[in-house]
Each structure stands twice: as C-alpha cells, then as structure tokens.
Amino acid sequence: MPSRYHPALVTLHWVSALLLIVALVAGTLVLAPVPNSDPSKLLSFRLHMGLGFVIGILTLIRLAVRAKTAHPAPATTGIALADRAAPLAHWALYALILAMVGSGVALSLNSGLGNAVFFGGEMPANFEGIAARAAHGIIATLLMITIGLHIVAAIWHQGVRKDRLLSRMGYDKR
Ligand code: HEM
Ligand code: HEM
C-alpha cells in the first residue's frame with residue numbers, strides 16, 4: 001500500500017479546496033446580499049455559475065481518479081467511533097459538493113436565471129418560493145460545517161496525534 005495519495009488526487013484535493021472556499025465565501029458575501037436588479041450581479045452570476053460547473057467537473061474527475069488509484073491504509077485515531085466517522089465524513093463532502101452543483105443548476109433552470117445569464121433572457125426579480133434556492137443555502141451551510149470539522153480533524157492529527165497525516169495529501173515518493 002502506498003504511503004500517500006496519488007499526486008493527481010493530491011492536486012485535485014488542493015485545487016478543489018481552494019475553488020470551493022472561494023465559491024462558498026463569495027456566494028455568501030458577494031452574491032446572496034445583492035439584489036438581482038443590481039447591474040453588477042450579472043458578472044457575479046456568470047463567475048459563480050462558471051466556478052460551480054468547474055468544481056462539479058473536477059469532483060467527477062476526482063472520483064474517477066480515486067476509483068482507479070491505490071490509497072494509503074486508513075488513518076487511525078485510537079478512537080473507534082472517529083475511525084468509523086472519517087470515511088463517512090469524506091463521502092459526505094463529495095455528496096455535498098455534488099448536491100451544491102445539482103441544486104445550483106436546478107435553481108437556475110427553475111427561475112429562468114440560466115436563460116438570463118447566458119442567453120440574454122429576462123432576469124428573475126428574485127428567487128422567492130423556489131425550493132432549489134432554499135436547498136442551495138442549506139446545503140452550503142452543511143458543507144461549511146463539514147469542511148470546518150474536516151480541517152479541525154486534520155489539524156488534530158497533525159498537531160496532537162503527530163502522525164504526519166498532512167503528508168498523505170502531499171507530494172513525495174509513494
Ligand atoms: C474545501 C475544503 C476541503 C474539502 C472539500 C476536502 C475534501 C477531502 C476529501 C473528500 C478527502 C478524502 C480523500 C479520499 O479518500 O477520497 C480529504 C482528505 C484529506 N484532506 Fe481535505 N478537504 C478540504 C480541505 C482540507 C484542508 C484545508 C486540509 C488541511 C488542513 C485538508 C487535509 C486533508 C488530509 C490530510 C486528507 C487525507 C486524510 C487521510 O489520509 O485519511 N483538507 N479531503
Ligand atoms: C460547488 C459549487 C457551488 C458552491 C460552493 C456554491 C455556493 C453558494 C453559496 C454559499 C451561496 C449563498 C447561499 C446563501 O447565502 O443562502 C450561493 C448562492 C447561489 N448560487 Fe451557488 N454554489 C455552487 C454552485 C452553483 C451553481 C452550479 C449554480 C448555477 C448554475 C449556482 C447558483 C447560485 C445562485 C443563483 C445563488 C443565489 C444567489 C442569490 O440569492 O442572489 N451555484 N451559492
């Protein structure tokens with residue numbers, strides 16, 4: 001068994017992490033608070049939707065590369081429950097990312113936003129009453145919490161358990 005993840009998977013992990021943090025922070029602070037009537041929002045929508053698609057494609061590529069490459073043995077914590085929770089948390093991250101993209105696409109189709117942003121159609125006044133809009137916001141919160149726990153777990157491994165877990169997501173001889 002290798003001592004770290006495949007370098008392609010390592011690259012996909014760190015690039016996706018960066019893009020996701022940008023999409024989550026910008027979605028919350030730049031996109032959601034501005035009304036659709038604001039002319040600057042068209043560019044924000046284009047960037048956010050484009051970024052969301054890229055994240056979705058990278059995640060699908062990542063799952064394919066993951067299925068085709070060998071991984072290190074599961075990390076241990078000394079706590080049986082935590083050892084069982086770790087793979088569930090990782091699958092939850094993948095599922096939440098794909099659910100963000102899915103709900104974003106459903107939202108743009110159901111509100112006519114996709115047509116407005118890419119084909120010059122009329123911009124919807126707002127997203128009130130659109131279930132996919134509510135879902136997109138709730139899934140974003142769940143994703144932020146799961147990412148937060150994931151980062152705390154990585155810091156705990158590295159700093160408290162001192163098992164060099166971060167090096168498994170780094171580049172070196174496998
Ligand atoms: C946006 C943020 C992030 C997401 C969505 C994310 C997602 C993931 C996923 C899904 C895995 C599991 C890999 C697999 O087996 O398929 C993983 C592993 C890992 N992540 Fe992240 N990650 C993020 C940010 C971070 C950050 C900031 C750190 C460091 C502080 C980190 C450190 C690690 C480490 C060390 C592993 C390997 C764990 C192991 O060997 O069992 N991640 N990450
Ligand atoms: C992983 C990918 C994505 C992430 C992390 C993300 C993140 C976010 C966040 C955090 C918000 C603000 C939620 C709130 O405060 O309630 C938001 C809003 C939004 N997102 Fe995404 N998003 C993603 C993908 C997409 C995609 C693919 C689309 C469309 C094709 C999209 C369209 C929208 C729209 C229309 C809003 C609502 C803006 C408003 O209320 O004015 N998102 N997104």
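Student: Which protein donors does the iron atom of ligand 1 have in this predicted model?

Tutor: Good place to start! Look for protein atoms that lie 2.0 Å from the iron atom of ligand 1. You will find the NE2 atoms of two histidines there, His13 and His150.

Student: Which parts of the chain do histidine 13 and histidine 150 tie together, and how many residues apart are they?

Tutor: Histidine 13 belongs to helix α1, residues 7-31. Histidine 150 belongs to helix α5, residues 131-161. The pair therefore ties together parts whose separation in sequence is 137 residues.

Student: What is the arrangement of the six donor atoms around the iron atom of ligand 1?

Tutor: Check the angles that the six donor atoms subtend at the iron: they run from 88 to 179°. Six donors count as octahedral if opposite ones are over 155 degrees apart and all others between 65 and 115. The angles here make the arrangement octahedral.

Student: Is histidine 150 buried or partly exposed?

Tutor: Buried means under 20% relative accessible area, and exposed means over 50%. Histidine 150 has a relative accessible area of 29%. That value makes histidine 150 partly exposed.

Student: Which helix gives the most to the nonpolar patch?

Tutor: On the surface, Phe53, Ile57, Ile61, Phe118 and Phe119 form this patch. Both α2 and α4 supply at least two of its residues. With three residues, the top contributor is α2.

Notes. Residues numbered from 1 in each chain as written. Chains lettered and ligands numbered in written order. Predicted model: local features only at pLDDT ≥ 70, side-chain atom pairs only at ≥ 80, totals over all residues. Heavy atoms only, no water. Donors = N, O, S within 2.8 Å, 3.2 Å for Na, K, Ca; no water. Tetrahedral: all angles 85-135°; square planar, octahedral: opposite > 155°, others 65-115°. Helix = DSSP H or I, 4+ residues; strand = E, 2+ residues; numbered from the N terminus. Buried < 20%, exposed > 50% of the residue type's maximum accessible area, 1.4 Å probe, protein only. Patch = residues over 30% accessible without salt bridge, like charges linked within 9 Å, V, L, I, M, F, W, Y side chains within 5 Å. Areas by Shrake-Rupley, 256 points an atom, 1.4 Å probe, with all protein chains shown as cover. Salt bridge = Lys/Arg side-chain N within 4 Å of Asp/Glu carboxyl O.
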